[in-house]
Amino acid sequence: MSMPDLRLALFAKAYCADAPAPSWPEEEPTMLSYGMNAFEEGDFSQAVVQIREYVKANPQEDGPRLILGICLFITGQLVQAQVEFERIKRSRPSDAFVATLLGLCLLKREKFDKVLAALQ
């Protein structure tokens, strides 16, 4: 993992730390708990697999979707990351962090004409 990707992952962890933690029965871990463990261990490919399943079952939850988007971005799945960031931006249009992630994704995809709109 490159240094910018590591910084992004660490920033995302700090950003999401303020959100209320999802609850699940301790005796029955969910895909989200497995995915978050993989994310914290830096296994972003495994985190994508686990968190994607959770997001499919809980599409209204932006927090796990944000982590999914970041993991997709870090693993180079830029089109899929863009889709996740765009979904979050629709529900949280004033979230500067999400706008920045979407802008970075568009920059990496060389969609320069769309970057400014993403940041507004």
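Lys56 and Glu53 both belong to helix 3 (residues 44-57), where they lie three residues apart, about one turn of the helix. In this predicted model, Lys56 forms a salt bridge with Glu53, and the closest N and O atoms of the pair are 3.7 Å apart. Lys56 is exposed, its relative accessible area being 58%, whereas Glu53, with a relative accessible area of 37%, is partly exposed.

## Salt bridges of helix 5 and beyond

The structure holds four salt bridges. Another of them joins the side chains of Glu84 and Arg87, with an N to O distance of 3.6 Å. Glu84 and Arg87 are three residues apart in helix 5 (residues 78-91), and so they are separated by about one helical turn. Glu84 has a relative accessible area of 9% and is therefore buried, since the cut-off for that class is under 20%; Arg87, by contrast, is partly exposed, with a relative accessible area of 37%.

A further salt bridge links Arg92 with Asp95, whose closest N and O atoms are 2.4 Å apart. Arg92 is partly exposed, with a relative accessible area of 26%, while Asp95 counts as buried at 12% relative accessibility. Salt bridges that share partners also join Arg65, Glu84 and Arg87 into one network.

## Packing of helix 4 against helix 6

Two packed helices are described by the angle between their axes and the distance between the axes. For helix 4 (residues 62-74) and helix 6 (residues 96-108), the packing angle is about 25° and the axes are 11 Å apart. Because angles under 35 degrees count as roughly parallel, helix 4 is roughly parallel to helix 6. The crossing in which helix 4 passes helix 6 is left-handed.

On the side of helix 4, the contact is made by Leu66, Ile70 and Phe73, and on the side of helix 6 by Phe97, Val98, Leu101, Leu104, Cys105 and Lys108. Sorted by class, the residues in the contact of helix 4 with helix 6 comprise eight nonpolar and one charged, with no polar residues.

Key. Residues are numbered from 1 along each chain as its sequence is written. This is a predicted model: local features need pLDDT of at least 70, side-chain atom pairs count only at pLDDT 80 or more; totals for chains, interfaces and linings use all residues. Side-chain values use heavy atoms; hydrogens and water are left out. Axes are lines fitted to C-alpha atoms, for helices over the stretch in contact, and angles run from 0 to 180 degrees between N-to-C directions. Helices (H or I, at least four residues) and strands (E, at least two) are DSSP runs, numbered from the N terminus. Angles under 35 degrees count as roughly parallel, over 145 as roughly antiparallel, 65 to 115 as roughly perpendicular and the rest as oblique. A crossing is left-handed if the near helix is turned anticlockwise from the far one by less than a right angle, and right-handed if clockwise. Contact means heavy atoms within 4.5 Å. Ala, Val, Leu, Ile, Met, Phe, Trp, Tyr, Cys and Pro count as nonpolar, Asp, Glu, Lys and Arg as charged, and the others, Gly among them, as polar. Buried means under 20% relative accessible area, exposed over 50%, partly exposed in between (1.4 Å probe, protein chains only).
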